Amino acid sequence: MERDTRITHAGRTPRDYKGAVNPPVYRASTVLQPHIEDFEARRGEMLYGRFGTPTTRALTNAISDLEGAAETFPCSCGLNAITATILAYAKPGGHFLVTDSAYFPVRKFCEGMLKTLGVETEYFDPRIGGEDLAKLIRPETFMVWLESPGSLTFEIQDVPALAKAAKAAGVPTALDNTWGASHFFRPIEHGVDISVLAATKYHVGHSDAMMGLIACAPDAVEPVRAAVTQLGVTAGTEEVYLCHRGLRTLSVRLERHQKNGIEVARWLEDRPEISKVLHPALESHPDHALWKRDFEGACGLFACVVKAPSKAKLVDMIDGMELFGIGASWGGYESLILTGYPEKMRTATRWEADGFLIRLHVGLEDPKDLIADLEAGLGRLR
Ligand SMILES: *Cc1c(COP(=O)(O)O)cnc(C)c1O
């Protein structure tokens with residue numbers, strides 16, 4: 001069936017719930033079994049809250065359908081999904097290859113707990129080709145970590161080539177697919193083993209719940225299952241329900257975020273105060289061709305470089321915004337604005353720009369109003 005039909009129906013079995021359209025919220029830690037032999041043989045459909053409920057399974061089945069995954073595991077947040085995925089493969093003395101454009105908390109984990117556990121992390125240029133990635137792979141390399149587009153800087157990676165090079169060397173790949181949101185990009189179809197999602201963003205879609213998901217190709221299911229089981233990774237039933245409810249409108253919301261985002265990005269591109277717009281759907285983006293080849297759309301998140309005369313003027317611009325809220329995260333229905341400092345994070349590549357980077361999340365407001373808000377904001381730079 002077509003994507004919109006699957007987004008509407010995936011994971012739904014109303015007849016199991018007396019006809020209710022949505023799976024009910026099962027609140028359970030203890031699940032009673034009829035006989036002790038059932039308990040000992042783990043025969044029940046539900047065993048214990050931590051192992052999931054029908055509410056959980058409805059969501060993970062839907063995500064597996066949309067991501068083309070063999071199995072999906074629910075987590076309490078996106079970062080939890082990331083760290084559990086890495087720990088499924090990490091070993092002392094191991095070597096971890098990570099894109100230099102990775103979400104910053106990934107780096108914190110690598111430089112913190114992973115280092116303590118004896119893992120060496122090596123960062124690589126997000127625009128590396130398959131052959132050059134292959135040269136970085138060592139016998140002790142346990143995983144390649146991708147994120148496309150990159151956090152803050154929006155480089156699109158040549159995912160099929162990178163996944164192929166890693167596979168040829170017997171190394172699994174994982175990709176943070178939060179921007180592609182199980183819809184505009186489906187990593188497993190491009191050879192990636194694990195698609196990791198901060199479902200907090202577009203899947204939930206309403207800025208009111210935290211949720212992570214790990215969608216696995218067949219070979220990754222058992223290693224990831226072992227990690228989530230041993231770590232006790234799980235998600236609350238209310239969050240799971242909210243995520244599944246948000247999912248039903250995912251494609252409609254994403255299409256509008258895309259349209260509004262491109263309209264705002266194009267407007268910014270023509271402004272003299274903006275030196276660069278980092279939006280993969282714009283022809284001016286250096287990786288536009290790769291985006292067009294592999295993605296089916298662009299969400300509402302992008303960045304631009306503002307030629308502010310000083311930090312104080314930039315602060316004036318941002319603090320005075322009426323519609324763009326100042327706050328972490330993105331993927332809700334509302335617009336957001338934040339500063340970002342990739343120059344302080346990069347180690348394998350240098351980030352240079354003539355101005356301050358700001359990241360915008362373009363929401364579902366009328367873009368005319370958003371543009372008016374930005375126009376007034378740019379006026380405050382003078
Ligand atoms: C927000 C985000 C995460 C982390 O998700 P949380 O639910 O906040 O833990 C991971 N990756 C990317 C790209 C994100 O933007």
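Analyst: Happy to; we can go through the ligand, the pocket, the cavities and a couple of backbone details. Keep in mind that this is a predicted model.

User: Great, ligand to begin with. How many residues surround the ligand, and which are the closest?

Analyst: The ligand is surrounded by 14 residues. The closest are Gly78, Leu79, Asp176, Thr200 and Lys201.

User: What kinds of residues are in that shell, by class?

Analyst: Seven of the residues in the shell are nonpolar, four are polar and three are charged.

User: And which helix gives the most to the shell?

Analyst: That would be helix H4, which spans residues 78-87 and contributes three residues.

User: Nice. How much of the ligand does the protein bury?

Analyst: The protein buries 90% of the 380 Å² that the ligand exposes when taken alone.

User: Where does the ligand sit in terms of pockets?

Analyst: The ligand takes up space in the largest pocket. That pocket holds about 820 Å³ of space.

User: How many residues line the largest pocket, and which lie nearest its centre?

Analyst: There are 45 lining residues, and Tyr103, Lys201, Ser329, Trp330 and Arg359 lie nearest the centre of the pocket. Two or more lining residues come from each of H4, helix H5 (104-116), strand S6 (194-198) and S11. The largest share is from S11, with four residues.

User: Which residues line the largest cavity?

Analyst: Its lining is made of Asn22, Pro23, Thr55, Val240, Tyr241, His244, Arg245 and Arg248. Helix H9 (residues 237-247) gives the most to this lining, with four residues. By class, the lining of the largest cavity has three nonpolar, three polar and two charged residues.

User: What about the lining of the second largest cavity?

Analyst: The second largest cavity is lined by Leu301, Gly327, Ser329, Leu336, Ile337, Leu338, Arg359, Leu360 and His361. Strand S11 (336-340) and strand S12 (356-361) are the elements that give two or more residues to this lining. Five of the residues lining the second largest cavity are nonpolar, three are polar and one is charged.

User: One last topic, the backbone. Is the peptide bond from serine 148 to proline 149 cis or trans?

Analyst: That bond is cis, with omega near -5°. Proline 149 is in the loop between strand S4 (141-147) and helix H7 (159-168).

User: And what is phi of leucine 152?

Analyst: Phi of leucine 152 is near 70°, a positive value in a residue other than glycine. Leucine 152 is found in the loop between S4 and H7.

Technical notes
Residues numbered from 1 in each chain as written. Predicted model: local features only at pLDDT ≥ 70, side-chain atom pairs only at ≥ 80, totals over all residues. Heavy atoms only, no water. Near = heavy atom within 4 Å. Areas by Shrake-Rupley, 256 points an atom, 1.4 Å probe, with all protein chains shown as cover. 1 Å grid on protein atoms, 1.4 Å probe; cavity = no way out; pocket = protein on both sides within 12 Å on 5 of 7 lines; lining within 4 Å. Sits in = over half its atoms within 2 Å of the grid points. Nonpolar A, V, L, I, M, F, W, Y, C, P; charged D, E, K, R; others polar. Points joined across faces, edges and corners; volume = space filled by probe spheres on them.
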